[in-house]
Amino acid sequence: MKLGIFVEETGGAGGNATGKGNSTADSYDRLLELAAVAEELGFASLWLAAQDFALASAVAEQSEYLRVGVLSNPALEHPVKIAEDAAVLDLLSNGRLLFGARADASPEELAAASIAPGQRQARFEEAMDLIVKAWTHDGFAYLGEYNRVPLLTKVVAEQGQAFVPEPVEPPFLLPWKRAGLPFDYLSLQPKPVQQPRPPVFVATGDEDTARWAARRGHSLILDADEAPASDAASVSASVSASSLATAYWHELDRVGRGREEVTLALTLTVAAHDGNDTSASATLSGDPEQVLEGIKTLVRNTGAFQLLCRVVAGYDRQAEAIRSLQLLASDVRPRLEM
Amino acid sequence: MKFWLGLYGMQSPRSYPRSLAWTYSEVVDHAVEAERLGFDGFGITEHHFWYDGYCPSLFPVLAAIARRTDRIQLLTGALLLLLRDPLRTAHEIAVVDNLSRGRLTLAMGYGYRPEEYEGLGLEMKARGARFSEAVKVLRLALAGSPFSFAGKYYNYENATLSPAAFNSPACPPMWLAGGSQEATARRAGRLGLAYWAPGPALPLETVAHLIECYREAWKEAGHPAEQASFGVATDVALAETEEEAEAIVNQDVLPVYAEQLAGFGFIKDEQGLPVREFPEGHPVFKALRSSFCVGTPAQVIEAIERYRALGCDVFMPRMVEANFRSDRILGEMKLFAESVMPHFRGQESNGGTAG
């Protein structure tokens, strides 16, 4: 059982004017302090909940062994740009990238990206396939319903049918070819360090998406914070997390993929403390004994391999967050055998 | 005059193949060394879909450099602004600006390679007009207050950037990195941006003319005259002796240029086909050579003085084309900092080296 850290909010109001240690720059310093502590304590990974490759790069620069996870938004952003950013981060971290992809999106996010809600799932799946293809092929073209790379395609409309895009050779290739230059189509550059590609984690609360991830052989991140626990010792996987996990494992079996190919990770707000609980907002909070029992229940209900501990950080909570990580590392993790 | 070292592309060209992971660890080390040597800034450069691994993504690299340095200005040289949504770019800018506590400077260009546009799903039409709009969006967004923008190409309603720029409501300094077009120089002046005249293969008279266009447009737009500023980036091959400097050009710089020019398809023959071979003595090298600053410290000082005479505020020596040889680049950096920069520092009223 691996323990990682999942950082939701880096806080800070922006600008440097507040002068109370609560500026964005200060909150980044606190995040990077957490990264250093996490590495020191032997945590496996630090995940950023937002698509923020630059901040993740700072985490990588701050550490040497910690794996760096980023949850990108392939349904909302240009997939080629995501593939490039991720490859550069994999190079900067010398192969420590964990590539996460958030499949779900809020109505506000979809509206801001001018995407019809009904297209979200299809766009997500297309974008993911495109990203993997771009990483793993020397030259590539992708022709989907929403993504055409390169842009230039001939759109053929047949009577009574939807527009059908057909690939045409982009004009920029013609002089290359006539001059004998050795290029066919575009090559996404640079390629990631990890070959054939970095590990891919799909984060979702949707069963169909979980099954799709299983068919593609992608790992899965589920949110175990969904159902609030009444008390620490009896925390159980939220109904949705355990039923999603079941759907995922079944689909893997159905398509004949081995469970060892993938990882199932859970995100959960955890606060381990010395018996002086102030973190009422944590889903699982208690002394190490209580936290251990809670995690064991979760693992039983989901078959998870990894727990990504959502850290409740903030400029007045940093000491608490660090203490929790210390207890997780010293008193909980050694007793989590799998 | 300030000295900003550049421009690293994290490439592995055929004339000097190497591990790309190494190039990314090297660029951070070189930035640290540049800061130690007293350079004022450090710049990296972007291209997409290029065979030698050319870096397509500047902000993660600058974020890593920001963590290892304290004083040096970090330069995007150039950020291809039109290849992305400006509001999303503003977010990346704000993250690196905060990570570096306000040390980010944005040099931004249009981009000129059709495959980069097509590969990112964009048409190349109306680049100038789109650029002007995108700059306005960046300025509104980075200030940190809620904003709306209704343009011909970009539209936002009640958007707020979080986090804002480190010094918000002030934005990071912005430059327009322009080609050899007068219209681009004028646009920089109109928009109130600093102007970066790229050096390679551009004769000094052309640079002087572009600066003139820039200043004219700046004045016409009513910006305060003393705030207009321009920079030049050009290749430097520096050594203790002239022979050594010539050797750097011949052994290191020109082979890389030949390969890059062939690959980028810049140079066309009479039939309009890209030239693949650049034998010694090819006319393209003449223009290139005359734009380089080559030689001993005294000779390089003399070459840079020509740009200072035009009023150049920032000079960007590019040593990284020296066939990507780390040892040679580090040696040239040190010699430049110790033997060339003091000449110019001495002539400044405060003699300062502030970034």
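Helix axes here are lines fitted to C-alpha atoms over the stretch in contact, and angles between them run from 0 to 180 degrees between N-to-C directions. With that convention in place, I turn to a pair of helices in chain B of this predicted model.

Helix H5 of chain B, residues 127–142, packs against helix H6 of chain B, residues 182–191, at an angle of about 25 degrees, and their axes are 11 Å apart. Since angles under 35 degrees count as roughly parallel, H5(B) and H6(B) are therefore roughly parallel to each other. Their crossing is right-handed. On the H5(B) side the contact is made by B:Gly128, B:Ser132 and B:Val135, and on the H6(B) side by B:Ala183, B:Arg187 and B:Leu191. Sorted by class, this contact of H5(B) with H6(B) has three nonpolar, two polar and one charged residues.

Next, the interface between the chains. Here 44 residues of chain A are in contact with 45 residues of chain B. On the chain B side, the elements that give two or more residues are helices H1 (20–37), H2 (58–68), H3 and H4 (114–119) of chain B. H2(B) supplies the largest share of that side, eight residues. By class, the chain B side divides into 26 nonpolar, eleven polar and eight charged residues.

I now move to chain A, which has ten helices and 13 strands. Of its 338 residues, 48% are buried. Among contacts in chain A with a separation of 6 or more, 67% are between residues 24 or more positions apart.

Helix H1 of chain A, residues 24–40, deserves a check on its length. At 1.5 Å a residue, its 17 residues should span 24 Å, and its end C-alpha atoms are 24 Å apart, which agrees. Buried residues in H1(A) include A:Tyr28, A:Arg30, A:Leu31 and A:Leu34. What covers the buried residues of H1(A)? The cover includes strands E1 (2–7) and E2 (45–48) and helices H2 (53–62) and H10 (318–332) of chain A, together with helix H3 (86–99) of chain B. After H1(A) comes A:Gly42, with a positive phi near 80 degrees.

Finally, consider A:Asp206, in the loop between strand E9 (200–203) and helix H7 (207–216) of chain A. It counts as partly exposed because it has 17 C-beta neighbours inside 10 Å. Leaving aside neighbours within four places in sequence, A:Asp206 is in contact with A:Ala103 and A:Asp104. A:Asp206 and A:Glu125 are 81 residues apart in sequence, and their C-alpha atoms are 13 Å apart in space.

Note on methods
Residues are numbered from 1 along each chain as its sequence is written. Chains are lettered from A and ligands numbered from 1 in the order in which they are written. This is a predicted model: local features need pLDDT of at least 70, side-chain atom pairs count only at pLDDT 80 or more; totals for chains, interfaces and linings use all residues. Helices (H or I, at least four residues) and strands (E, at least two) are DSSP runs, numbered from the N terminus. The expected span of a helix is 1.5 Å times one less than its number of residues. A residue is buried if 20 or more other C-beta atoms lie within 10 Å of its own, exposed if 12 or fewer, and partly exposed in between; C-beta atoms are placed from the backbone. Two residues are in contact if their C-beta atoms, placed from the backbone, lie within 7 Å. Ala, Val, Leu, Ile, Met, Phe, Trp, Tyr, Cys and Pro count as nonpolar, Asp, Glu, Lys and Arg as charged, and the others, Gly among them, as polar. Angles under 35 degrees count as roughly parallel, over 145 as roughly antiparallel, 65 to 115 as roughly perpendicular and the rest as oblique. A crossing is left-handed if the near helix is turned anticlockwise from the far one by less than a right angle, and right-handed if clockwise.
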